[in-house]
Amino acid sequence: MRPFYNLLLLTVLITACENDKKNTINTMNTTNNPLMEESTLPYHAPDFGKIKNSDFKPAFLKGISEQKEAVEKIANLYNDPTFDNTVLALEKSGILLERVSNVFYGLSGAHTNDSIKAIQEEIAPKLSKLGDAIYLNDKLFNRIKIIYNKRDSLDLDSEAIKLIENYFEDFEIAGANLSAEKKETLKEYNTQLATLTTKFNQTLLEANNAGALLFTDKEALAGLSESQLKALENKEKNGWMIPLQNTTQQPLLQSLTNRETREKLFKSSWNRADGSKNDTKEIIIKIATLRAKKAGVLGFDNYAEWSLQKTMAKNAISVFDMFKGLIPAATKKAQLESEEIQKMINSKGGDFTLEPWDWNYYAEMVRKAKYDLDEDQIKPYFELKTVLEKGVFYAAEKLYGISFKSRSDIPVYHKDVMVYEVFEQNGDKLGLFYGDFFARSSKRGGAWMSNFVTQSKLYNKKPVIYNVCNFSKPAEGEAALLSFDDVSTMFHEFGHALHGFFADQQYPSLSGTAVARDFVEFPSQFNENWALYPDVLKNYAIHNKTKEQIPQALIDKIKKSGTFNQGYSLTENLAASNLDMQWHTIATDRNITDANAFEKEALHNTKLDVVHAVPPRYRSTYFSHVFGSGYAAGYYSYLWTEMLDHDTYNWFKNNGGLTRENGQRFRDMVLSRGNTLNLEKMYKDWRGSDPKIEPMLKARGLK
Ligand SMILES: [Zn+2]
């Protein structure tokens, strides 16, 4: 039994749509429904050639009722509890639900439609209720507890023991130890939270769409290239439409020369869900206070204390301590950067004070002046498929000995999706990889990885893994050229994929990326380092027209500019991470009336508002990681794992860099271990010491 919303590594959004669409999916197709049976394609890959929208709901309903039945059967067994009849039986339950969830949530993120949105809305509270029916089931928990208490005398291997502990802890955290009365309250809260989360996502989706800006005057868009304009063209409305991205800053702010346009775009982003008809302030207050109350019922002072129990950080204090260690250095560097930018504004004759909407535009000028480097020089060397095959795959081959073969015969859900088969050095099969790289309106923002099929020896299954990104799709016949940020994103997501491919677990619920949030971003962030590693870079950075290798002078410039703007990027990240933690450390009886005042105070008290032109990466009102999906009190994970990532890369650098031997060691001791070990110990064993923050500060140019 894997969690229903298999931790996608960025977010799992539960979106929804108009109620009148609900009735379009009432056919109960159970025969000829390809989701009901194991796929017969290689690696049990989903048969997208056969799966229809109308297949999901019946498969979900059957999956939910099957799991409910299986769980009740285990809970009501007359026989004494054993590993096999309880823990293993539980692990084996819900196989249909997992199969349909994996395909459904894959599509709902990467290629959604009205039917999928309607099903999502309908299924969310049902899954929440099922979760309660399992985790708050007294009889079931008592059986698990009996096994847990004598686990060391059962003659089981360490992975089986870890499985017992994992279930026991999950039940305990979910509230299995509570009184019957408290359990009822908890169930009520969980149902309310599931509905509120759906409402948040639904409102935010509309806010994002409504926040898109239409321009009919080309002058207002000065600075954009012809291909950028072409991508924004809206023939119906006779103009150009700029859609909103998830983050506060919008990518086009870097290019727009018209200051009024920049301000308009920025404010549209900043106010998308504040004061408009798609306001989320009331919803987030309700979610945060309800989460606090839930923590209270579970016996904790606040939500963060409850939710951090199984993480590496362990508690809110250690997270705030990490922030405290970073805030002064980050804001100091951001302040220096803002002064440099102000000078640039003045030198260009600008008679105004730097505002957030000016930052990226003038920062780009500073970068050009300081490092003689601009994005347009680099992009021709980063052609998507070459970056993937000769960069991302190449680095993995050098480190881990694996190889890749294109598979155009596997059915995909959209024609842009590329499929590769992955092999071990000795030719053994390792799994299937899907890359879905281009943005489109049916895909939510951001980038993420997940599994269609999870590795497990229990079912003799090898992983089927996908990466989804949102790179701009080139016009027909043109090359797909990436920014360096995009290249890093590709390496990042593939780092998650490697964590999934090297999984070597008996039990699916411990397999691969099923680890704590503040560990799961470690393999992915670490993998980003290879993008600039000389041997790798030279192999993939080939000019798309001249076919020449990237010149050393350009590499040097890229490297030299590596710490550029890091004050900004760390401060905006800390501001968002801090907002998340502040919302989730409110007392259980706290009454909040004004979300904006709360946000302002949270930033002020932590001195994260000292550089006026650096806003948080996400405002509370559109922070979907924490109010729309599973990263509540968890956004700090990205900074936490960044520490692990640089610390690890430092080890590689000191031990010969990109070698098979180093890669194998990392694969054996970390990437293949899934959730079978204590994560702190796993890290320490592999690294030889606890993680240190200095390499991260150095990489960010803060030391
Ligand atoms: Zn990630």
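## A loop residue and its neighbours

Ala-273 touches Ala-207, Asn-278, Asp-279, Thr-280, Lys-281 and Thr-621, leaving aside residues up to four places away in sequence. Contact here means heavy atoms within 4.5 Å. This is a predicted model, in which local features need pLDDT of at least 70 and side-chain atom pairs count only at pLDDT 80 or more, while totals for chains, interfaces and linings use all residues. Residues are numbered from 1 along each chain as its sequence is written, and side-chain values use heavy atoms, with hydrogens and water left out.

Ala-273 sits in the loop between α9 (259-270) and α10 (281-297). Helices (H or I, at least four residues) and strands (E, at least two) are DSSP runs, numbered from the N terminus. With 0% relative accessibility, Ala-273 is buried. Buried means under 20% relative accessible area, exposed over 50%, and partly exposed in between (1.4 Å probe, protein chains only). Gly-211 is 62 residues from Ala-273 along the chain, yet their C-alpha atoms are separated by 8.8 Å.

## The zinc site

Three residues supply the protein donors of the zinc ion: His-492 (NE2), His-496 (NE2) and Glu-521 (OE), lying 2.1 Å from it. Donors are N, O and S atoms within 2.8 Å of the metal (3.2 Å for Na, K and Ca); water is not among the atoms, so sites may look incomplete. The spacing of the donor residues in sequence is H-x3-H-x24-E. His-496 belongs to helix α16 (residues 484-501) and Glu-521 to helix α17 (residues 517-528), so this pair ties together parts that are 25 residues apart in sequence.

His-496 is buried, at a relative accessible area of 0%. Glu-521 is also buried, at 0% relative accessibility.

## Strand β8 and its partners

Seven of the eight residues of strand β8 (residues 464-471) are buried. Strand β6 (residues 429-438) pairs with β8 in the parallel sense, over six bridges. Two strands pair if DSSP finds at least two bridges between them. Tyr-434 has Tyr-466 in β8 as its bridge partner.

Strand β7 (residues 448-453) runs antiparallel to β8, joined by five bridges. Trp-448 stands opposite Val-468 in β8.

## Nonpolar cores

The largest nonpolar core has 150 residues; Phe-323, Phe-382, Phe-433, Trp-530 and Tyr-540 touch the most other members. Helix α12 (residues 316-347) gives the most to this core, with 12 residues. A nonpolar core is a set of buried Ala, Val, Leu, Ile, Met, Phe, Trp, Tyr and Cys residues joined through side-chain atoms within 4.5 Å.

Phe-382 has contacts that include Val-387, Leu-481, Phe-484 and Tyr-540.
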